[in-house]
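Here is a short briefing for a reader who is new to this structure. Please look over the sequence and the model first.

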Amino acid sequence: MFVGIDVSKDRLDVHLRPSGEAFAVARDGPGLEALAARLSAAAPALVVLEATGGFEQTVAAALAAAALPLAVVNPAQVRAFARAAGRLAKTDRLDAEAIARFAEAIRPEPRPVASEQAQALAELVARRRQVVEMIGMESNRRRAARNPRVLRGIERTLASLQAALADLDDEIGGTVRRSPAWREAEDLLTSVPGTGPVTARTLIAELPELGTIDRRRVAALVGVAPVNRDGGAMRGHRAIAGGRKGVRNTLYMAALTAVRWNPAVRAAYLRLRARGAPPKAALVAAMRKLLTILNAILRDGRPWRTA
């Protein structure tokens with residue numbers, strides 16, 4: 001049996017495959033308890049729900065506590081699956097059915113739900129990224145502004161954002177250092193040339209699989225694995241696609257440093273450039289090389305050592 005759950009602010013629409021049974025419960029304490037009990041009795045092979053901007057976290061925690069096999073998936077994957085099946089109509093009930101059909105056909109791998117502490121860290125890291133983006137936008141506006149009053153307003157906003165960024169860095173750093181496991185992981189990651197505290201904390205918060213899976217799977221998760229575009233005798237240009245954008249952007253900045261100061265990453269980068277690879281393609285390969293090193297460092301629990 002496969003279960004699809006459409007999560008909204010106040011209720012959960014549930015669909016079971018292949019029986020076709022459908023029902024709804026409130027997204028509150030009693031509703032979640034009733035849902036967990038009902039699904040536990042049904043013993044499904046997989047329960048799937050979409051990531052819906054945070055509404056799914058309470059639901060996922062309740063189902064994980066009931067030891068149900070759970071996967072939280074990207075809504076875009078489900079919509080693409082539904083369109084491919086010719087299911088264009090969209091309601092909460094139909095969405096639940098589409099998710100259940102997706103679960104039955106695709107069978108995404110169940111993954112453990114992040115702890116409350118891990119979710120809090122991920123939220124802090126995401127907020128830091130938002131503040132950095134806002135600082136960039138305000139800095140661009142400052143360069144274009146001519147009116148002194150407008151400039152003063154932008155300067156005040158920038159000062160406020162810089163203070164917020166400093167507070168977030170302190171909070172993220174304190175959160176990581178208070179956890180022995182995260183503290184050890186940060187020390188291991190930052191031992192690698194090119195990896196600073198921001199990169200390490202982003203990986204800890206948003207790539208918890210690092211060090212637990214092989215290099216090919218972790219590269220695919222981040223979106224730095226080249227995707228084939230071949231057909232017949234044609235061999236298309238390989239390019240990266242998908243993955244976790246926030247992690248990939250942070251890894252890109254780390255790779256810019258690593259190609260200068262990390263001998264293993266630099267050698268890989270220069271080797272590809274010598275073969276005629278474009279700078280951007282060589283840098284993506286450097287990102288993948290750095291990610292492979294970081295994955296091995298956490299897997300083995302041994303800090304970087306220069307050969």
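Contact means heavy atoms within 4.5 Å. Helices (H or I, at least four residues) and strands (E, at least two) are DSSP runs, numbered from the N terminus. This is a predicted model: local features need pLDDT of at least 70, side-chain atom pairs count only at pLDDT 80 or more, and totals for chains, interfaces and linings use all residues. Residues are numbered from 1 along each chain as its sequence is written, and side-chain values use heavy atoms, without hydrogens and water.

**Whole chain**
- The chain holds 12 helices and seven strands.
- Its C-alpha atoms fill a box of roughly 60 × 60 × 45 Å, taken along the principal axes.
- Of its 307 residues, 39% count as buried, meaning under 20% relative accessible area (1.4 Å probe, protein chains only).

**Helix H5**
- H5 covers residues 116-144.
- Its buried residues include Leu121, Leu124, Arg128 and Glu138.
- The buried residues of H5 pack against H6 (148-178), H7 (180-190) and H8 (197-206).

**Helices H11 and H12**
- The axes of H11 (residues 263-274) and H12 (residues 279-300) come within 9 Å and cross at roughly 150°. Axes are lines fitted to C-alpha atoms over the stretch in contact, and angles run from 0 to 180 degrees between N-to-C directions.
- H11 and H12 are therefore roughly antiparallel, a term for angles over 145 degrees.
- Among the contact residues are Tyr269 and Leu272 of H11 and Leu283 and Ile293 of H12.

Technical notes. Parallel < 35°, antiparallel > 145°, perpendicular 65-115°, else oblique. Expected span 1.5 Å × (residues − 1). Buried < 20%, exposed > 50% of the residue type's maximum accessible area, 1.4 Å probe, protein only.
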